[in-house]
Amino acid sequence: MGSHLLKKSFRSIQSPRTKTLLVSCLFSSLSESQNRIYHVPHPNSESIYGFLSKLQNKRNPPGFHNPLVPSISIRYFNSQAVIEPRTSDGLTVDDIIASRWPILDENESDWKSHAAAVAQSIQLIKKRLQWRKLVVRLQMLTIQINKPDLWDDPVHAGKISREHGSVMGKMKEVNGFERELLEHIDMLKLAREENDAELESESMKALLKMRRTAKEKELKALLAGDQDPCSCFIEVQAGAGGTESMDWAAMVMNMYKMWAQQRGYGVTVVDEMAGEIAGIKRATIKVDGEYAFGYAKAEVGTHRLVRISPFDSGKRRHTSFAAVAVIPILGDASSHFQINESDLRIERFRSGGSGGQHANTTDSAVRIVHIPTGVTATCQNERSQHQNKAMAMAVLQSRLDQLEMARQAQMNAQHTQSLTDISWGNQIRSYVLHPYRMVKDLRTNYEVSDPDSVLEGDLDGFILSFLSASMDKDEDDV
């Protein structure tokens, strides 16, 4: 809540009892017990807490304590206790949900409707973040981070410290949003008690803004995985079926390029093996951008196309398959797998392609083989051998990271599996162009009747539907 709004409310309030109530309600979310640890902004910062402290000191002589204002015990601490915020009259987000206030259209000036919508979003966000597990994990990390010998192992200590900061950041953001909702409710009730139409209007606008912001936070909560913020590689491989499947693989890859570009991501072709007649046998692109992996991981699996083949003179209906894998780019600091130069075999060969000036005249393409695992990465689309080697190493590192994560978590059926692990009998989505037109995700039953828009990159509906369903399933499993 801004200091301008707070100061205005104090100037406009005439009743001393109401002013005391305001101070009480703003501190209530921090001071439920003398025995808890609380995190508040530093006193030097400009905040509502600093303003209220100055106001209290100015109005009362030293040593005076108003019994109507709860005492608070504040200590500056790296972690904060998990406290359920409340309004001045004890209302919580759970109470709002239990009250089942009707949720009306945004255009309706009903504060209860706005509050109920925000409370519902907070409940959904907590569910998606697996809040109870998050609380337990924070407690465990706090114990580890307070051990005196933690930094005897700097690598382990850095990992614990980063995870602690990440978990605490997620929880503080949700708790802050929850407190903001309850503070606005308190201010609105206060405005009505004081017959302050302007303050009531400002509080109503603040609730409406929170309602709209809550939708963005719901989406962000879908991408709460450790690797979700990363960029990624998307790999597409044609299935059995010759030219028909190769053409379909090229269509799938083009679909992802268009999707990435529509989202503002950078797209770079890393490797591509063209088909003999049309399409591609396989291809890899690098997608650069925040949460690229978080979204793209929903596309891992086998994609099936049903259409009248343009390569069949008899105009018969054909079914084609293409496999998709998505690999996060973790970066040097987060890499799980250490590569030894002695374990690599680097092969150089002449690039394929359509030719042209200076093309196919030097051995600029690079293939790197990790001998212990047999994992291979190839790049031939850059102009120089040096650039191709650097890109191939990046792909190899991501693939080995992927294998290491799969080994540790034993989750080879999840988004980190490699192309060779994808089962051809496990289609995730069907694209039917004949005898009817429809694209249907077989995991969520989400479907659209406009295949052209999907093939032109309109994938967000499928992706969000899958991510939401996955979160719901994880919560049910817990």
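Biologist: What makes the contact of Lys-281 and Glu-276 a salt bridge?

Modeller: In this predicted model, the side chains of these two residues meet at 2.7 Å, N to O. The cut-off is a Lys or Arg nitrogen within 4 Å of a carboxyl oxygen of Asp or Glu, so the pair counts.

Biologist: What makes the pair of Arg-307 and Glu-244 a link between distant parts of the chain?

Modeller: Their side chains meet in a salt bridge of 2.7 Å, N to O. Arg-307 belongs to strand E4 and Glu-244 to helix H9, and they are 63 residues apart. With relative accessible areas of 9% for Arg-307 and 7% for Glu-244, both fall under 20%, so both are buried.

Biologist: How many aromatic pairs does the rule give?

Modeller: It gives four. One of them is Trp-248 with Tyr-431, at 5.0 Å centre to centre and 65 degrees between the planes. Centres must lie within 6.5 Å, and planes over 60 degrees apart count as edge-to-face, so this pair is edge-to-face.

Biologist: What parts does the pair of Trp-248 and Tyr-431 tie together?

Modeller: Trp-248 is in helix H9 and Tyr-431 in strand E9, so the pair ties together parts that are 183 residues apart in sequence. Both residues are buried.

Biologist: Why is the pair of Trp-259 and Tyr-265 called edge-to-face?

Modeller: Their ring centres are 5.9 Å apart and their planes stand at 65 degrees, so the pair meets the cut-offs of 6.5 Å and 60 degrees. Trp-259, at 2% relative accessible area, is buried, and Tyr-265, at 11%, is buried.

Biologist: How do you know that the charged end of Arg-263 sits over the ring of Tyr-295?

Modeller: The charged end is 4.1 Å from the ring centre, and the distance cut-off is 6 Å, with a further limit of 35 degrees from the ring normal. Arg-443 likewise lies over the face of Phe-466, at 4.0 Å from the ring centre.

Biologist: What makes E6 and E8 the edge strands?

Modeller: The open sheet has three strands in the order E6-E7-E8, with antiparallel pairing. Strands E6 and E8 each pair on one side only. Neighbouring strands of this sheet are turned by 15 degrees against each other on average, direction ignored.

Biologist: How do you know that E7 and E8 pair?

Modeller: Five bridges join E7 to E8, and pairing needs at least two, so they pair. Val-366 stands opposite Cys-379 in E8.

Key: Residues numbered from 1 in each chain as written. Predicted model: local features only at pLDDT ≥ 70, side-chain atom pairs only at ≥ 80, totals over all residues. Heavy atoms only, no water. Helix = DSSP H or I, 4+ residues; strand = E, 2+ residues; numbered from the N terminus. Axes fitted to C-alpha atoms, helices over the stretch in contact; angles between N-to-C directions. Phe/Tyr/Trp six-rings, centres within 6.5 Å; stacked < 30°, edge-to-face > 60°. Buried < 20%, exposed > 50% of the residue type's maximum accessible area, 1.4 Å probe, protein only.
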